[in-house]
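Trainee: Could you take a close look at one part of this model with me? I would like to start from a single residue and then see what else is there.

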2 protein chains.
Amino acid sequence: MFSKEHTMMGVAYPAGFKAAGVRAGIKKSGNLDVAVIYSENEAAVAGVFTKNQVAAAPVRVSKIVVGTGTAHAVVANAGCANACTGEQGLRDAEKMCDIAAKELNCRNDDVIVASTGVIGVHLPMDKMETGIKAAIKELSKEGSVNAGNAIITTDTYSKACATEVTIGGKEVRFGAIAKGSGMIQPDMATMLCFITTDAAIDHKLLQIALSEITETTFNMISVDGDMSTNDMVTVMANGQAGNAKITEKNGDYDIFYNKLKEICTELSKRIAADGEGATKFLTIHVSGAEKFADAKQVAMSVAKSPLVKTAFFGEDPNWGRVICAVGYSGVRMSPEKTIVKFGDVTVYAHSIGAEYDAEALKKVMAAHDILIDIDLGEGDADATVWSCDFSYEYVKINGEYHT
Amino acid sequence: MFSKEHTMMGVAYPAGFKAAGVRAGIKKSGNLDVAVIYSENEAAVAGVFTKNQVAAAPVRVSKIVVGTGTAHAVVANAGCANACTGEQGLRDAEKMCDIAAKELNCRNDDVIVASTGVIGVHLPMDKMETGIKAAIKELSKEGSVNAGNAIITTDTYSKACATEVTIGGKEVRFGAIAKGSGMIQPDMATMLCFITTDAAIDHKLLQIALSEITETTFNMISVDGDMSTNDMVTVMANGQAGNAKITEKNGDYDIFYNKLKEICTELSKRIAADGEGATKFLTIHVSGAEKFADAKQVAMSVAKSPLVKTAFFGEDPNWGRVICAVGYSGVRMSPEKTIVKFGDVTVYAHSIGAEYDAEALKKVMAAHDILIDIDLGEGDADATVWSCDFSYEYVKINGEYHT
């Protein structure tokens with residue numbers, strides 16, 4: 001589905017896009033920390049942003065950029081979130097746009113900005129200016145790996161993907177880089193994801209597609225239940241693939257939509273799997289709900305339970321904690337109708353624990369990827385949430401991550 | 001406020017009450033595990049129970065007992081929760097009532113039953129029967145300490161208190177034992193609390209008082225956000241103090257109410273402070289809300305955030321995580337109006353971090369008891385939630401607590 005060969009090209013895989021990542025001295029570690037993604041021509045743009053009312057300055061600025069319907073570039077940094085930084089924070093975020101726009105010879109409201117890292121600290125704007133200028137000089141078709149590494153924080157690796165699909169006889173390419181790790185629900189050591197494509201598509205349709213897809217992908221991740229001040233997902237579509245511009249919900253739109261959803265699904269799963277301190281990747285599938293919102297609420301209740309998360313860390317098939325989290329989710333359910341499986345082993349059915357093959361269950365619990373499958377027996381709706389376990393390492397990372 | 005001298009007498013402090021705790025072999029450790037509390041005469045009773053839809057068998061049975069308005073005894077065990085045990089679980093809980101009623105020569109719907117421990121395992125009824133009979137033989141005015149120890153699970157100590165107040169010229173006594181520790185929100189390694197008093201009060205008024213008081217005491221604790229299948233708080237009032245029976249909301253009622261609230265507040269705080277693996281006791285006070293429910297929602301959002309909890313474990317004054325949790329609580333708030341203090345040190349005001357005395361803040365963070373004080377600046381309502389930090393020990397306890 002995703003070509004490994006092209007993954008390294010990431011956001012620069014689609015025609016007309018370049019990327020770069022440089023060291024600007026914003027991360028204490030001295031690692032790569034400023035990324036730029038650039039489209040040669042003005043691209044249609046769509047974006048989704050954190051619903052946290054304490055939204056960071058770059059979120060507020062980038063919402064305005066996305067509102068114009070077009071963008072030329074993304075400028076992002078790690079090491080400092082520019083959140084809870086008041087008026088100066090807003091001016092700093094706007095300054096990031098100005099610096100990039102001047103170098104790239106585009107409008108400042110064509111530059112998306114994003115930040116991730118410590119809250120409540122002002123951006124070092126001198127370093128930022130040097131960094132943005134350096135990154136723009138380095139823009140290339142090979143720059144996506146560096147850009148990806150420049151946006152990560154406590155992630156153990158940079159997430160990237162590249163893929164293509166044929167629309168109206170033309171090859172349309174997609175690329176993406178993303179980071180996650182902590183404060184994930186879409187989250188705040190922050191989830192960031194930048195997607196590029198050379199598809200030609202109307203920006204309003206692009207926004208509809210992204211908003212819809214986000215509901216069943218990025219909004220279905222939970223690492224720790226914390227929702228970031230800085231979360232952001234954007235798509236830039238520059239039209240260089242030469243397909244007939246998609247302006248209505250036709251067959252071409254469906255192909256585009258499904259491919260975009262594939263990318264968002266894949267990155268969501270990878271972000272959950274790389275949650276802070278994670279040793280297990282948990283897929284929580286709830287079926288038999290009366291509606292999607294119910295299924296999601298039950299799945300999130302299980303995904304967020306520290307007792308469930310620590311049990312899976314300990315490889316303990318403690319289904320009692322799972323059914324308990326189902327019972328307090330706030331969604332009406334009946335213990336008599338509910339069935340819980342770990343992998344394909346039924347552990348709870350019709351209000352009591354099931355007889356199970358202990359060896360088979362042990363194998364399920366020992367694996368890295370574990371499915372928690374809950375059937376409420378009430379209706380036809382289902383939802384899937386991706387999560388991870390809770391380990392000593394999570395406590396270590398977050399107890400020792402000093403401000 | 002609470003006499004240390006009488007604390008040891010606990011639930012047997014009020015006139016006419018006795019207690020006992022014995023080893024029945026239900027806990028793997030071989031510790032005390034069956035408790036009985038007994039009133040010589042039939043007492044007025046009130047109770048509040050878990051809202052978890054996967055309510056355990058003893059919860060379902062005890063709701064019926066409380067519904068009758070009277071009770072003679074409480075029979076409780078630790079080591080097995082009798083939750084998710086289907087029809088047999090219900091029969092076992094009823095059997096507990098029957099065994100005790102026969103020995104105590106009272107009606108079986110006068111016996112409250114409660115269980116805490118592992119979910120999904122049937123009670124060993126032979127051991128239970130021997131245990132209940134042995135405990136009833138041992139009932140005494142000195143038995144509350146053993147009863148308290150017989151209901152704890154991962155608690156590091158048994159919570160008890162005893163106090164008295166004068167109502168209409170008569171000394172009215174109160175006693176209580178409680179356990180908490182994990183799955184607390186009122187919770188499931190389970191919160192149990194049994195209160196006794198020799199006050200004479202109508203059972204309907206007693207229920208009104210307990211239900212109201214629970215909203216601002218037991219329902220304001222969060223250890224891990226998990227709500228137990230087995231939570232239960234009951235009050236038995238046997239009238240032996242000889243006060244004029246309280247049958248309306250008069251001055252005597254107010255005195256009674258305030259004393260009962262003192263007890264519930266004290267035990268709630270102790271349960272939170274003894275949360276699994278806790279090294280810090282956190283009081284989260286939210287003021288300036290438009291209504292109590294808003295203030296509680298914001299406080300709970302902060303109390304439940306793993307990022308906030310691990311930061312306090314690390315003694316890191318990471319106010320960014322606190323204001324972030326305020327921002328995603330779902331209650332409308334304005335970053336510009338919000339003020340956050342740790343102890344008496346202002347760390348965030350009007351959308352940015354505040355200048356603070358680093359030494360003073362360090363002292364606040366190093367203490368065992370820490371106040372997180374959040375003023376939303378919107379209205380006059382406030383709420384207080386008690387919580388604790390998240391430590392390696394929490395992960396250890398819950399990752400290694402095998403079913």
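Is A:Leu90 buried or exposed, or does A:Leu90 count as something in between?

Mentor: Happy to! Keep in mind that this is a predicted model. A:Leu90 counts as partly exposed, because 16 C-beta neighbours lie inside 10 Å, while a buried residue would need 20 or more and an exposed one 12 or fewer. You will find A:Leu90 in helix α3 of chain A, which covers residues 86-104. Apart from neighbours within four places in sequence, A:Leu90 is in contact with A:Ala57 and A:Arg60. Now follow the chain for 265 residues to A:Glu355: the C-alpha atoms of A:Leu90 and A:Glu355 are 59 Å apart.

Next, let us turn to a sheet. In chain A, 7 strands form an open sheet with mixed pairing, in the order β8-β15-β10-β14-β11-β12-β13. Its edge strands are β8 (221-222) and β13 (352-353), each pairing on one side only. Strand β8(A) runs parallel to β15 (residues 381-388), and 2 bridges join them. Within β15(A), A:Ser387 is the bridge partner of A:Ser222. Helix α7 (residues 251-273) of chain A packs on this sheet, where α7 touches β8, β10 and β15, and its direction makes about 45 degrees with that of β15(A).

Finally, here is a helix pair. Helices α9 (residues 306-313) and α10 (residues 319-327) of chain A pack at about 160 degrees, their axes 9 Å apart, so α9(A) is roughly antiparallel to α10(A). Their contact involves A:Leu307, A:Val308 and A:Ala311 of α9(A), together with A:Arg321, A:Val322 and A:Ala325 of α10(A). Of these contact residues, 5 are nonpolar, none is polar and 1 is charged.

Conventions:
Residues numbered from 1 in each chain as written. Chains lettered and ligands numbered in written order. Predicted model: local features only at pLDDT ≥ 70, side-chain atom pairs only at ≥ 80, totals over all residues. Helix = DSSP H or I, 4+ residues; strand = E, 2+ residues; numbered from the N terminus. Contact = placed C-beta atoms within 7 Å. Pairing = 2+ DSSP bridges. Axes fitted to C-alpha atoms, helices over the stretch in contact; angles between N-to-C directions. Parallel < 35°, antiparallel > 145°, perpendicular 65-115°, else oblique. Nonpolar A, V, L, I, M, F, W, Y, C, P; charged D, E, K, R; others polar.
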